[in-house]
Amino acid sequence: MSKAEWVQCPNGCGEKLYYREVTAHCQTSCQERLEPCSSGCGAMVRFRERNKHKMVYCGCRIVSCK
């Protein structure tokens, strides 16, 4: 594969990139990349869903007692 060819993002975000840009895109700007939860629950979360995870699903979220 030539380094000048266009490819789709392997994470499925829909971006069309030059082959040489894929690694940087997947590590820094792809909204579909997986990252560990920043609250420390151990879950791998899609970047675009990180706030919802932290507020709704995260086992380490802060909750109010009733």
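Let's start with a charge and a ring. Arg33 lies over the face of Phe47, 3.8 Å from the ring centre. The rule here: NZ of Lys or CZ of Arg must be within 6 Å of the ring centre and within 35 degrees of the ring normal.

A word on the source. This is a predicted model, where local features need pLDDT of at least 70, side-chain atom pairs count only at pLDDT 80 or more, and totals for chains, interfaces and linings use all residues. Residues are numbered from 1 along each chain as its sequence is written, and side-chain values use heavy atoms, with hydrogens and water left out.

Next, Tyr18. The charged end of Arg20 sits over the Tyr18 ring, 4.6 Å from its centre. Tyr18 also has a ring partner, Trp6. How many aromatic pairs does a search of the whole structure find? One. Rings of Phe, Tyr and Trp (its six-membered ring) pair if their centres lie within 6.5 Å; planes under 30 degrees apart are stacked, over 60 edge-to-face, and the rest tilted. Trp6 and Tyr18 are stacked, at 4.3 Å centre to centre and 25 degrees between the planes. Trp6 is in strand S1 (residues 6-8) and Tyr18 in strand S2 (residues 16-18), so the pair ties together parts 12 residues apart in sequence. Strands are DSSP runs of E, at least two residues; helices are runs of H or I, at least four; both are numbered from the N terminus.

Trp6 is partly exposed at 48% relative accessible area, and Tyr18 is partly exposed at 26%. Buried means under 20%, exposed over 50%, partly exposed in between (1.4 Å probe, protein chains only).

Now the cysteines. A disulfide is a pair of cysteine sulfur atoms within 2.5 Å. The count is zero. Cys9 is in no disulfide; its nearest cysteine sulfur, that of Cys13, is 3.7 Å away. Cys9 is buried, at 7% relative accessibility. Cys37 is buried too, at 10%.

His25 lies in helix H1 (residues 22-29) and has a relative accessible area of 8%. Leaving out residues up to four places away in sequence, His25 touches Cys9, Cys13, Glu15, Leu17 and Cys30. Contact means heavy atoms within 4.5 Å.

Last, Glu32. Glu32 sits in the loop between H1 and strand S3 (34-36), buried at 14%. With the sequence neighbours up to four places away not counted, Glu32 touches Asn11, Gly12, Cys13, Arg46 and Arg48.
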